[in-house]
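Visitor: Hello! I would like to learn how to read a structure, one feature at a time. Could you walk me through this one?

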Amino acid sequence: MERLLMLNISNKNVFVFDWDGTIFNSMEIKRMTFTDSFFESISFEKGTIPDRNYVYDMYVKLSGVARKEIFSSILKSLGIPFNIEIYDKFNVNLTTENKKKLLTCSVFEDAILFMKKILSKNGTIYLSSSVPMLELSYLTHNKINSEIFNNIQAIYGSSDTFKKGAEHFDSIIDETKCRKQDIIFFGDDYMDLVLCNKYGIDCILIDRNHLMKQEINIVNSFREIKID
């Protein structure tokens with residue numbers, strides 16, 4: 001796969017990072033907790049229980065969008081109507097499991113070093129994720145060292161009324177008074193690229209060993225990106 005070599009983004013001054021898989025090495029555990037919580041929250045009739053691998057694979061396919069949308073899409077694919085009470089049960093259970101199990105995950109060293117470099121150049125850092133705000137604030141507070149955490153401009157999780165993508169970007173532009181061309185987004189999933197392209201924001205994907213397609217905006221590590 002063709003990769004970018006030492007991409008220079010010195011013209012950017014607002015740096016927006018995805019969380020899971022980009023900064024935080026959490027994707028495998030998240031996939032497992034989602035799958036476990038899905039089966040714990042739904043009562044299937046005999047003979048209608050889906051294969052666990054199917055739910056797991058659907059989560060991987062839909063990763064990057066809001067949790068409620070993923071849950072609803074999986075139910076729809078199984079011919080099961082969405083029920084808000086079932087979703088709320090699932091959501092509470094998943095949040096509990098994530099807050100407990102994801103504390104065992106580590107942050108990616110290349111991401112932390114890159115964020116430190118940005119701060120040394122007086123760049124502005126945001127986190128933007130489809131993770132619910134309750135989980136995101138808890139995990140970032142516990143997993144990112146205070147030197148970086150205290151210098152992040154804002155941490156945006158997602159909700160029904162404030163989703164990753166256009167709504168987060170609108171807020172960032174309103175707060176910083178920057179232009180779209182001043183912003184760069186870093187993610188690890190093709191949905192990140194889709195959301196950025198839709199809004200008109202430049203995006204770089206960091207390959208954490210699960211990107212399969214060939215894209216020009218993929219690097220193997222933050223170490224391949226220059227900001228000076």
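Visitor: Where is Lys177 found?

Guide: Lys177 sits in the loop between helix H8 (166-176) and strand E5 (183-187). Helices (H or I, at least four residues) and strands (E, at least two) are DSSP runs, numbered from the N terminus. A word on the source: residues are numbered from 1 along each chain as its sequence is written. This is a predicted model, where local features need pLDDT of at least 70 and side-chain atom pairs count only at pLDDT 80 or more, while totals for chains, interfaces and linings use all residues, and side-chain values use heavy atoms, with hydrogens and water left out.

Visitor: What is the phi of Lys177?

Guide: The general idea comes first: most residues other than glycine have a negative phi. Lys177 has a positive value, near 60 degrees. Asn122 also is not a glycine and has a positive phi, about 65 degrees. Asn122 lies in the loop between helix H5 (109-120) and strand E3.

Visitor: Is Asn122 buried or exposed?

Guide: Buried means under 20% relative accessible area, exposed over 50%, and partly exposed in between (1.4 Å probe, protein chains only). Asn122 has 70% relative accessibility, so it counts as exposed. Lys177, with a relative accessible area of 65%, is exposed. Cys203 in strand E6 (residues 202-206) has 2% relative accessibility and therefore counts as buried.

Visitor: Which residues is Cys203 in contact with?

Guide: Contact means heavy atoms within 4.5 Å. Leaving aside neighbours within four places in sequence, Cys203 touches Ile184, Phe185, Asp192, Leu193, Cys196 and Asn217.

Visitor: Now a helix, please. Which residues of helix H6 are buried?

Guide: An α-helix has 3.6 residues a turn, so residues three or four places apart point the same way. In H6 (residues 133-143), the buried ones are Glu135, Leu136, Leu139 and Thr140. They cover an arc of only 115 degrees around the axis (taken from the directions from the helix axis to the C-beta atoms), which puts them on the same side of H6. Leu134 and His141 are exposed on the other side.

Visitor: What do the buried residues of H6 pack against?

Guide: Their partners are helix H3 (67-77), helix H4 (84-101), strand E3 (124-132), helix H7 (146-149) and strand E4 (154-158).

Visitor: How many helices and strands does the protein chain have?

Guide: There are nine helices and eight strands in the protein chain. Of its 228 residues, 49% are buried.
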